[in-house]
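Please keep the sequence and the structure at hand while reading.

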Amino acid sequence: AYTASALSFMFENLHKTVVITGSMVPIYQPYNDAERNFLISLIVAGTVDIPEVCIYFDGRLLRGNRSSKVDASYTLRAFDSPNFPPLAELGAELSVNTHLIRPHPRGRFRYFRIVESKIAVVRLVPGIDEDSICRIVSGELGGLVLLVFGTGGADSSKSKMFQALREAVQRGVVVVACTQCVRGDVNLGKYASAGKLRQAGVLSAADMTVEATVTKLCALLSRNLRAEEIALQMQTDLRGELTMEKSE
């Protein structure tokens, strides 16, 4: 999911179908899902016009930057797209949800490398040491992804943490709040603690996955844009990664 998300932001004005796949059971096993996943991926890439980076796994074609790996066991449905329907599903034939496919871009294809690695991801948990967060935030960061409770919750008693976040934003660090939940979105206007994050200058990841949030932030930082421009782009749907009304 990280690879698919990263590629979607590295490829601008993509006109081809790009399919990433894999398997839960190795191909050398007598029974495996590798051969089928690989074969269907080839068919999709060669015959279906979907100008996006996708993941094919266990009968479903998912938008790459909407996908997450949700199961590490030997179930074959390891990937899911919690906030967005599959682009296509395989039954007796491949059924493509054409209304979900992004339109072909008009511009010339461009490729951008992701070279920025000065970001941190912090998962908030009850009782977390705010001094530790302050030390992370005070470092040489370009971006920070905060994994918050539900729709944007954080411990409102952590005044030092909120102050450190505010100072980081003032220094040009792009701070984005992403939900820890599998489904749903971040709304920084819903609760008082979420409001404190917004007052500190923290952005909402809306309904983006963690994978999309992290790779999108890295991609934008790699382009040497101003913090204000990155903040605007983080809340703009660039590759189908977020639902715009949820980013407002």
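Which residues of helix α1 are buried? They are A4, S5, A6, S8, F9 and M10, in a helix that spans residues 2-10.

## Basis of the report

This is a predicted model, in which local features need pLDDT of at least 70 and side-chain atom pairs count only at pLDDT 80 or more, while totals for chains, interfaces and linings use all residues. Residues are numbered from 1 along each chain as its sequence is written, and side-chain values use heavy atoms, with hydrogens and water left out.

Helices (H or I, at least four residues) and strands (E, at least two) are DSSP runs, numbered from the N terminus. Buried means under 20% relative accessible area, exposed over 50%, and partly exposed in between, with a 1.4 Å probe and protein chains only. Contact means heavy atoms within 4.5 Å. Two strands pair if DSSP finds at least two bridges between them.

A88 in turn stands opposite V96 in β8, where β7 (residues 88-90) and β8 form an antiparallel pair over 3 bridges.

In a regular strand the side chains alternate between the two faces of the sheet. Both faces of β4 are covered, with R60 and L62 buried on one side and L61 and R63 buried on the other.

The buried residues of α1 pack against β1 (11-12), β2 (18-20), β3 (53-57), β9 (110-111) and α6 (210-221).

V48 is found in the loop between α2 (34-47) and β3. V48 counts as buried because its relative accessibility is 17%. Beyond residues up to four places away in sequence, V48 touches T17, I43, L94 and V96.

## The parallel sheet and the cores

A further open sheet has 4 strands in the order β10-β11-β12-β13, with parallel pairing. β10 and β13 (203-204) stand at the edges with a single partner strand each, so one side of each is left without a neighbour in the sheet. β10 is joined to β11 by 5 bridges, and I119 stands opposite G143 in β11.

A nonpolar core is a set of buried Ala, Val, Leu, Ile, Met, Phe, Trp, Tyr and Cys residues joined through side-chain atoms within 4.5 Å. The largest one has 26 residues, of which L124, L144, L146, L165 and L197 touch the most other members. Two or more residues come from each of β10 (119-123), α3 (130-137), β11 (143-148), α4 (159-170), β12 (174-179) and α5 (192-199). α4 gives the most to this core, with 5 residues.

Leaving out residues up to four places away in sequence, L144 touches A120, V122, V137, L165, V173, V174, V175, V176 and L217. A second, separate core has 19 residues, including V145, V214, I230 and L242.

## The α6 and α7 pair

α6 and α7 (residues 227-234) pack at an angle of about 145 degrees, with their axes 10 Å apart. On the α6 side, T213, K216, L217, L220 and L221 meet I230, Q233 and M234 of α7. The residues of this contact divide into 5 nonpolar, 2 polar and 1 charged. For this division, Ala, Val, Leu, Ile, Met, Phe, Trp, Tyr, Cys and Pro count as nonpolar, Asp, Glu, Lys and Arg as charged, and the others, Gly among them, as polar.

Note on methods
Axes are lines fitted to C-alpha atoms, for helices over the stretch in contact, and angles run from 0 to 180 degrees between N-to-C directions.
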